[in-house]
Amino acid sequence: MTAHTWWLLLILTVAIAALIYLINSRLRVHPFVALILVSVGTGIAAGEPAAKLAGSIEEGAGGTLGDVGVTLALGAMLGRLLSDSGATDTIARALVARAEPRRLPWLVGAAAFVIGVPMFFEVGLIVLLPLIFSVARRMESQGGTKGSPYVLLGVPAIASLSTLHGMLPPHPGPLTAMTGLHADLGLTLGVGIVCAVPTVILAGPVYARWIAPRLPDVAPDAELVAQFAGAERQPAAATSGPAAQAGTDTPRRRTGVPTGLAVAAVLVPVVLMLLRTLAETVLDESSGLGAALVFAGEPLVAMLAGFVFAFGVTVFGSGRSGDETRASLTDSLKSIAAILLIIGGGGAFKQVLQDSGIGDAIASAAEGAHINVILLGWLIALLLSLTTGSATVGIVSATGIVAPLIGDGGGLEASLLVVAIGAGSLGLNYVNHAGFWLVKESFGMDLSQATKTQTVVQTLVSVLGLAMALLLSVFA
């Protein structure tokens, strides 16, 4: 390694430190602004011509958002449609209806796994809270549960939602990493599912069985339980007599969305993406069917198809007005504006690293140190997510740093790297992450209890995801 290579690596180290400082200092600079500022400073320090630097930032931000932005917007609207129409509620209740108590943690985890396909972690958890609270309240009344039923059911939901959010497209983090590393969509989705299933099982129901008896006092505020669990059932009209004294409930109005159609609405994008991979593997390039499946499996087209299908199923099934649906979809886009900007800023940072020569310096250093690229990607994402409080910043920054190590990308290694980076962004989720506080306040936990659930569960997901990726890399 030459002196210039060491200088470029020093610039990268200072850039990462500056990014962490800008986001965490008293200035509390927005991650998007911090990424752009660091990109400019990095390019100038590395000697990239000023005229070319502006183009690098525009190309990086625009290219990344062009690949990810529209898909993410459609995914956010799809998730909102399913939530507002009650389709996700239909899926969740169909899975846990009349189940034996010992199976409930597994079924809640399965419900979260299905519902989490189109939804962010925070949104998915809020959607599932009525189910978790109502089933936990039923378990409390029946007795015989060791420990807190809220922990027993909440941990599998947290494990499933966080795993999907960090490791599987079409979620924004994995989709961004997949684009930056030029990974194959279907292969990434396939290995992501293979890595996700054992991860969810071990970090979800298995860990829940162990930790629930050790946190017997965890219980949400009674008013919060009544607010969420009461949303599913309306108090009976009786105001006196045994029924009133026992708190008899009557079922709420059904959504009108059949369970099968609700599940189909969630899975349409995933199925189309998997069919694309199958077509590319089995069918001839000149095949008309193959060309159609490849087109339908493009992330943008697959998500659009899922949205259109869900729109038809949920709007007509729930009986909501067009004005209500439009307002809801508009609101869903507001929630992802900040994420889109961070992704664009990460794309700019990645492009500056490549155009300034820092990417080549990273590749040279990694080659000389013989560092496993999957482990390196996971570690960088973990550290950046921990220090900045943003999994998205961790993913987009780590992607830019390790992208030069795999050349043009593609293949199994690139897909496993996407999974590893996503898994790394989930680990050590603590007080500087919004998800930590959502779990803590929703379940009425103190800091110690939230650490033993949210922090430990997501760290288990992170480590297990890395372990699965390393195991599969043997076949790369």
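Start by selecting helices α5 (residues 104-115) and α7 (residues 149-167), whose axes come within 8 Å and cross at roughly 30 degrees. The crossing of α5 and α7 is right-handed (left-handed would mean the near helix is turned anticlockwise from the far one by less than a right angle, right-handed that it is turned clockwise). With that angle, α5 counts as roughly parallel to α7 (under 35 degrees is roughly parallel, over 145 roughly antiparallel, 65 to 115 roughly perpendicular, and the rest oblique). The axes are lines fitted to C-alpha atoms, for helices over the stretch in contact, with angles running from 0 to 180 degrees between N-to-C directions. Helices here are DSSP runs (H or I, at least four residues), numbered from the N terminus, while strands would be E runs of at least two.

Now show the side chains that meet. On the α5 side, pick Leu104, Pro105, Val108, Gly109, Ala112 and Phe113; on α7, pick Leu152, Leu153, Pro156, Ala157, Ser160, Leu161 and Leu164. Contact means heavy atoms within 4.5 Å. Colour these residues by class and you'll get eleven nonpolar, two polar and no charged ones (Ala, Val, Leu, Ile, Met, Phe, Trp, Tyr, Cys and Pro count as nonpolar; Asp, Glu, Lys and Arg as charged; the others, Gly among them, as polar).

A quick word on what you're looking at: this is a predicted model, where local features need pLDDT of at least 70 and side-chain atom pairs count only at pLDDT 80 or more, though totals for chains, interfaces and linings use all residues. Residues are numbered from 1 along each chain as its sequence is written, and side-chain values use heavy atoms, with hydrogens and water left out.

Next, select α3 (residues 50-85) and α8 (residues 172-181). How do their axes cross? They come within 10 Å and cross at roughly 150 degrees, which means α3 is roughly antiparallel to α8. This crossing of α3 and α8 is right-handed. Thr64, Asp67, Val68, Thr71 and Leu72 of α3 meet Pro172, Leu175, Thr176 and Thr179 of α8. By class, that gives four nonpolar, four polar and one charged residues.

Stay on α8 for a moment. How many of its ten residues are buried? Ten of the ten, where buried means under 20% relative accessible area, exposed over 50%, and partly exposed in between (1.4 Å probe, protein chains only). Step just past the end of α8 to His182, which takes a positive phi of about 55 degrees.

Jump to Ser397 in helix α19 (residues 391-402). Ser397 is buried, with a relative accessible area of 1%. A polar atom of its side chain lies 2.9 Å from the backbone oxygen of Val393. Not counting residues up to four places away in sequence, Ser397 touches Leu19, Leu35, Phe349 and Leu384.

For the last stops, select two loop residues. Met445 sits in the loop between α21 (434-442) and α22 (447-472). Is Met445 buried or exposed? Buried, because its relative accessibility is 7%. Its C-alpha atom is 7.6 Å from that of Pro220, 225 residues apart along the chain. Finally, find Ile371 in the loop between α17 (358-369) and α18 (373-388). Ile371 counts as partly exposed, at 41% relative accessibility.

Terms used:
Polar contact = N/O pair within 3.5 Å; in protein donor to acceptor, adjacent residues only side chain to side chain.
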